[in-house]
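Biologist: Please give me a close look at a single part, the ligand site. I would like the contacts and the make-up of the surroundings.

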Amino acid sequence: MRIKNICCIGAGYVGGPTMAVIAQKCPEINVTVVDINEKRIAAWNDQNVKNIPIYEPGLSQIVGEARDRNLYFSTDIDSAIDKADMIFISVNTPTKTYGIGKGMAADLKYIELCARQIARVAKDDKIVVEKSTLPVRTAQALKNILDNTGNGVNYQILSNPEFLAEGTAVEDLMDPDRVLIGGDIDTEEGKEAMQALVDIYSHWVPAERILTTNVWSSELSKLTANAFLAQRVSSINAMSELCEKTGADVNEVAKAVGMDSRIGSKFLKSSVGFGGSCFQKDILNLVYIAKSFGLEEVADYWEQVIIMNDHQKKRFAVNIVKTLFNTVSGKKIAFLGWAFKKDTNDTRESAAIYVADYLLNEQAEIVIYDPKVTEEQVFADLDYLSSRPEEENRKRVTVLNNPYDVCKDSHAVAILTEWDEFEDLDWKAIYNNMLKPAFLFDGRRLLERKKKEEIGFEFYAIGS
Ligand code: NAD
Ligand code: UGA
């Protein structure tokens with residue numbers, strides 16, 4: 001089975017970059033990425049490729065190369081579904097905010113809408129690929145909808161979870177550790193569909209890195225991978241608090257521990273807490289699934305990863321208040337960074353949002369600089385929490401496009417995102433323009449303590 005036309009529903013952080021790479025690597029396949037969000041699609045089609053809606057190093061070049069050759073962005077979802085042999089579903093699967101499973105379970109309404117739309121439109125056999133991260137056994141529900149509301153055509157459902165990390169999405173897609181494809185391994189049709197997807201990835205991924213499994217293993221492996229990664233961050237963050245009490249340094253501990261080849265050195269960087277759209281949502285979903293099978297110990301074990309992360313964000317904020325003589329009321333706190341990590345404009349669940357919210361409750365004035373995040377986004381993030389009237393957020397929070405202006409006349413500077421450019425700032429000039437004592441809180445272990453203390457800063461860094 002040779003795939004000639006692909007449709008991807010969802011032009012977000014996963015759908016956009018993933019399809020751009022498939023289109024670049026498979027010039028004989030037409031790839032159409034569709035979305036209900038007209039503004040987003042217009043941005044993907046912007047004449048100036050620098051204005052695509054997602055900032056990822058290297059992405060605009062790839063889009064520039066493939067767009068209008070074999071990569072298209074459109075809001076005409078029906079006709080893209082109609083034409084496609086293979087349909088990726090890459091829509092958002094946020095935590096439910098209502099009803100049963102509120103605050104824990106994944107909200108699958110967008111997935112279900114896609115399934116119903118495919119069933120309504122499709123007039124020939126299709127392979128439907130789950131690209132979104134989904135609870136284990138979602139493929140069953142998809143198949144049910146497609147088979148029972150469709151036009152009598154055949155569907156094969158594959159699970160092909162995405163493992164890219166934001167900020168390194170292009171690298172991760174070009175050179176993935178593995179590609180995982182789950183399908184119906186017990187039937188010829190299932191195996192054929194899996195092979196069709198294997199053939200696409202084989203354009204650039206070595207065969208030994210393409211894993212095929214049953215659908216349920218594939219779905220559950222994605223949740224497991226994110227849970228393990230987040231668990232490492234919470235584990236090292238738990239140690240960071242102990243380091244601060246004992247005189248140990250968390251970076252030294254992480255290095256010593258990570259050199260054990262059984263443990264490995266990655267994902268042991270202590271921080272103000274993990275953010276991003278997925279770790280928290282996927283672990284909560286895992287906890288919910290475990291609970292729904294009555295596995296209370298399993299659920300409690302994984303929930304602790306989230307509890308530790310919330311604690312880490314809060315204690316960073318509490319420490320700022322305590323250090324500033326137990327009050328930040330009316331004091332100006334400069335935030336360097338708002339994105340949940342460097343090299344992305346994504347702010348979903350960023351630790352910065354929660355630290356700011358805590359400090360605003362303590363009546364601080366916050367001034368923010370992030371090289372890729374807009375003022376509009378900062379206010380949207382704060383308003384979403386509904387902690388106070390929106391006008392008050394606008395009164396107390398200012399977003400500027402220059403780090404020096406942000407730090408000027410501040411009582412304290414806090415590093416919330418590890419953007420490389422923050423290391424190279426003229427810290428002496430920043431110090432000179434701050435109120436004294438000048439406090440510097442490094443939530444990312446980005447800066448060298450000795451140099452900053454020599455300048456005169458009262459320096460605090462996570463885990464030391
Ligand atoms: P996103 O919010 O950036 O993009 C999802 C897009 O889907 C939105 O643009 C939305 O308008 C669109 N959409 C929703 N319902 C639709 C419908 N019925 N028809 C057409 N378009 C619709 O989300 P994302 O970050 O790309 O994540 C998508 C999925 O991938 C999630 O399940 C997530 O867990 C998973 N994932 C994300 C990442 C990541 O780094 N962001 C990595 C791996 C996996
Ligand atoms: C994460 C996973 O790394 C991806 O494999 C996965 O595909 C993705 O989630 C997803 O399913 O959405 P992402 O959230 O984009 O990717 O970025 P990460 O690099 O994992 O960082 C997540 C958060 O953890 C960030 O806030 C980061 O600053 C923090 N982090 C990461 C640490 O604090 N310390 C570390 O050592 C690593």
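Modeller: A nitrogen atom of ligand 2 lies 2.7 Å from a backbone N or O atom of lysine 269, a polar contact (a pair of N or O atoms within 3.5 Å). This is a predicted model, in which local features need pLDDT of at least 70 and side-chain atom pairs pLDDT 80 or more, while totals for chains, interfaces and linings use all residues. Residues are numbered from 1 along each chain, chains are lettered from A and ligands numbered from 1 in the order written, and side-chain values use heavy atoms, without hydrogens and water.

Taken alone, ligand 2 exposes 700 Å², and 90% of that is buried by the protein (Shrake-Rupley method, 1.4 Å probe).

The shell around ligand 2 holds 20 residues, counted when a heavy atom lies within 4 Å. Helix 9, residues 215-246, supplies the largest share of the shell, 4 residues; helices are DSSP runs of H or I, at least four residues long. By class the shell has 11 nonpolar, 3 polar and 6 charged residues, with Asp, Glu, Lys and Arg as charged, Ala, Val, Leu, Ile, Met, Phe, Trp, Tyr, Cys and Pro as nonpolar, and the others as polar.

Conventions:
A polar contact is a pair of N or O atoms within 3.5 Å; within protein, one must be able to donate a hydrogen and the other to accept it, and residues adjacent in sequence count only if both atoms are side-chain atoms. Helices (H or I, at least four residues) and strands (E, at least two) are DSSP runs, numbered from the N terminus.
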